[in-house]
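Look at the sequence and the structure first, then read the points below.

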Amino acid sequence: DPKTVTGEILDMKCYMASGAHGDGHKQCAATCIKAGSPMGILSDDGKVYLLIADGKDSDPYDDAKTFAGEKVTLTGTVSEKNGVQELIVTEVKATV
């Protein structure tokens, strides 16, 4: 079943290393994601999901990259393996 998650797009490298996120980290997040750092979302309820491109259509995942450090609403399929939650991104909407 599809799940919708609202939160901040993270670059996982900086978030996992030092907890970096928020407005003060927006430019760094954009730079790191553009350079290939894994991307995640910090949901409004405090959960972190690793973002994965859909094998059939990677456009929504690629669109999510443009919102690094910003709040968005993502829809996709959630799964968990060994404590890591992933969200396969199928839709991205800017949050106003």
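A salt bridge is a side-chain nitrogen of Lys or Arg within 4 Å of a carboxyl oxygen of Asp or Glu. The model is predicted: local features need pLDDT of at least 70, side-chain atom pairs count only at pLDDT 80 or more, and totals for chains, interfaces and linings use all residues. Residues are numbered from 1 along each chain as its sequence is written, and side-chain values use heavy atoms, with hydrogens and water left out.

Two further terms are needed. Helices (H or I, at least four residues) and strands (E, at least two) are DSSP runs, numbered from the N terminus. Buried means under 20% relative accessible area, exposed means over 50%, and partly exposed lies in between (1.4 Å probe, protein chains only).

**Salt bridges**

- The count comes to 4 salt bridges.
- One of them joins Lys71 and Asp44, whose closest N and O atoms are 3.3 Å apart. Lys71 lies in strand E4 and Asp44 in the loop between strand E2 (39–43) and strand E3 (48–53), so this pair ties together parts that are 27 residues apart in sequence.
- Lys71 is partly exposed at 42% relative accessibility, whereas Asp44 is exposed, with a relative accessible area of 51%.
- Lys26 forms a salt bridge with Glu70, with 2.9 Å between the closest N and O atoms. Because Lys26 is in helix H2 (residues 26–34) and Glu70 is in the loop between helix H3 (59–65) and strand E4 (71–81), the pair ties together parts that are 44 residues apart in sequence.
- Lys26 is partly exposed, at 34% relative accessible area, and Glu70 is partly exposed at 28%.
- Lys65 and Asp62 also meet through their side chains in a salt bridge, at 3.7 Å from N to O. These two residues are 3 residues apart in helix H3, which means about one helical turn separates them.
- Lys65 is partly exposed at 34% relative accessibility, and Asp62 is partly exposed at 33%.

**Strand pairing**

- Two strands pair if DSSP finds at least two bridges between them.
- E2 and E3 pair in the antiparallel sense, over 3 bridges. In this pair, Gly40 stands opposite Leu50 in E3.
- The hairpin of E2 and E3 has 4 residues between the strands, and Gly46 takes a positive phi near 90° there.
- E3 is also joined to strand E5 (residues 84–94) by 4 bridges, and these two strands run parallel. Here Ala53 stands opposite Val89 in E5.

**Helix H2**

- The buried residues of H2 are Ala29, Cys32 and Ile33. They cover an arc of only 95° around the axis, so they are on the same side of H2. The arc is that of the directions from the helix axis to the C-beta atoms.
- The exposed residues Gln27 and Lys34 are on the face of H2 turned away from its buried side.
- Just after H2, Gly36 takes a positive phi of about 110°.

**Cysteines**

- A disulfide is a pair of cysteine sulfur atoms within 2.5 Å, and a search of the whole structure finds 0 disulfides.
- For Cys14, the closest cysteine sulfur is that of Cys28, at 3.8 Å, which is too far for a bond. Cys14 is buried, with a relative accessible area of 14%.
- Cys32 is in no disulfide either, and its nearest cysteine sulfur, that of Cys28, is 3.9 Å away. Cys32 is buried at 10% relative accessible area.
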